[in-house]
Amino acid sequence: AMGIINGAPLPANQVFTDRMLQLEANAYYTFTRKVELQDSALVMGYQVGTTTPALRGALQVMSTVLGSQFYTELRTRQQLGYILDAGMMERKKTLSLLFLVQSGKYAPGLLQERVETFLSSFLSDLSALPPNELDELKLSVINGQLKKSETIEEEAAQLFDMAFEKDAEFDHLSQEIAAVEKLELPAIQAVVKQYLIPEQRRRLAIRMVGKTHEDTAVSGKLIESIEDFKTSHPCPQFCVP
C-alpha cells in the first residue's frame, strides 16, 4: 500500500512525541488568561506519581467518592458553578487528580481557594475512613474494572490503551485488581502523606478569567509564556516520554 500511494514513513526526528512534564514537589504554577466570554473557568491539576498497580488502585478508590463529594460541596451547597468535575487522570504513565469548575458568578481566584479547601477536607476525611466503607469502595472499583465493553468503540479504546499506554501489558487489570484487593487504609494514608499534603503537592492551575470578572492576585509561580516554561523544564530532565 505504501508503494501504491507513493508515500514514505515520516522521518524519526519529525515524529511528534507526547511527553508529560514533571513538576517539582511543593511547586505551584499558574497559567492565566483573560477571555472574551462571560464565564470564568478553572482547571486544577495535582500530579501524584508514576503509575503502578498499587498507586493507581489507591487513587481509583479515592476517585470513587471524590467526584460526587466535589459536586455536592461546590455545586449543590456552595453553588459556585454549573459545570464541575473531579477525578483521577492518567497520561504518559503519570497519575494526577484533576478538578474543573466553570462559573458565571465567580472569578478563578475564588474558585481556586475553594478547591484547595475542599481537597484538604476530603483528604482528612479519607484518612479516617472506616474499614467497612473502604471495603465498599474497593468492591466498587473492582466491579468497574471487570465491566465489559458495551460498544466496539469502547473495546477499541481499551485495546489501544493497553497496547500503547500500558506497554502491551494486556493482563494489567489482573495486577490492578490484586492491588485493590490488598489495599488497606495505611496505604492510602501513605499516598496522601507522600504526594498530597501541602508541602508535597505538585500543582498547576489554569485560570480562564471571564470578561466581567476581576481575578485575584496569583499565588505561586506565574507562567507568563508556555514556551518559556518548557525552556525552564527541559526534556528529558523534566519529562516522562
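**Entry 1: conventions.** I number residues from 1 along each chain as its sequence is written, and I leave out hydrogens and water, since side-chain values use heavy atoms. As the model is predicted, local features need pLDDT of at least 70 and side-chain atom pairs count only at pLDDT 80 or more, while totals for chains, interfaces and linings use all residues.

**Entry 2: salt bridges.** I searched the whole structure and got 7 salt bridges; the term stands for a side-chain nitrogen of Lys or Arg within 4 Å of a carboxyl oxygen of Asp or Glu. Side chains of opposite charge can pair when their charged atoms come close.

I looked up Glu-90 with Arg-56 and found their closest N and O atoms 2.5 Å apart. This pair links distant parts of the chain, with Glu-90 in strand S4 and Arg-56 in helix H1, 34 residues apart. Helices (H or I, at least four residues) and strands (E, at least two) are DSSP runs, numbered from the N terminus. Buried means under 20% relative accessible area, exposed over 50%, and partly exposed in between (1.4 Å probe, protein chains only). The areas come from the Shrake-Rupley method with a 1.4 Å probe, and for residues only the protein chains shown count as cover.

I turned next to Arg-77 and Glu-73, a salt bridge whose closest N and O atoms are 2.6 Å apart. Both residues lie in helix H1, 4 residues apart, about one turn of the helix. Arg-77 counts as exposed because its relative accessible area is 60%, and Glu-73 as partly exposed because its value is 21%.

For Asp-215 and Arg-207 I noted a salt bridge with closest N and O atoms 2.6 Å apart. Arg-207 is buried, with a relative accessible area of 2%, whereas Asp-215 is partly exposed at 24%. I also noted that salt bridges with shared partners join Arg-56, Glu-90 and Glu-176 into one network.

**Entry 3: surface charge.** I found a negative patch on the surface formed by Glu-133, Asp-135, Glu-136 and Glu-184. Patches are made of residues with over 30% relative accessible area and no salt bridge; like charges are joined within 9 Å, and nonpolar side chains (Val, Leu, Ile, Met, Phe, Trp, Tyr) within 5 Å. Lys and Arg count as positive and Asp and Glu as negative, with His and the chain ends not counted. The place of a charge is taken as NZ of Lys, CZ of Arg, CG of Asp or CD of Glu. I placed Glu-136 in helix H3 (residues 131-146); Glu-136 counts as exposed because its relative accessibility is 54%.

**Entry 4: backbone.** Which residues does the cis peptide bond join? I found Cys-235 and Pro-236, with omega about 5°. Pro-236 sits in the loop between helix H7 (226-232) and strand S8 (239-240).

I also looked at phi. Asn-26, not a glycine, has a positive phi near 60° and lies in the loop between strand S1 (20-21) and strand S2 (27-34). Asn-26 is partly exposed at 46% relative accessible area. Gln-79, also not a glycine, has a positive phi near 55°. Gln-79 is in the loop between helix H1 (53-77) and strand S4 (83-91), and is partly exposed at 45%.
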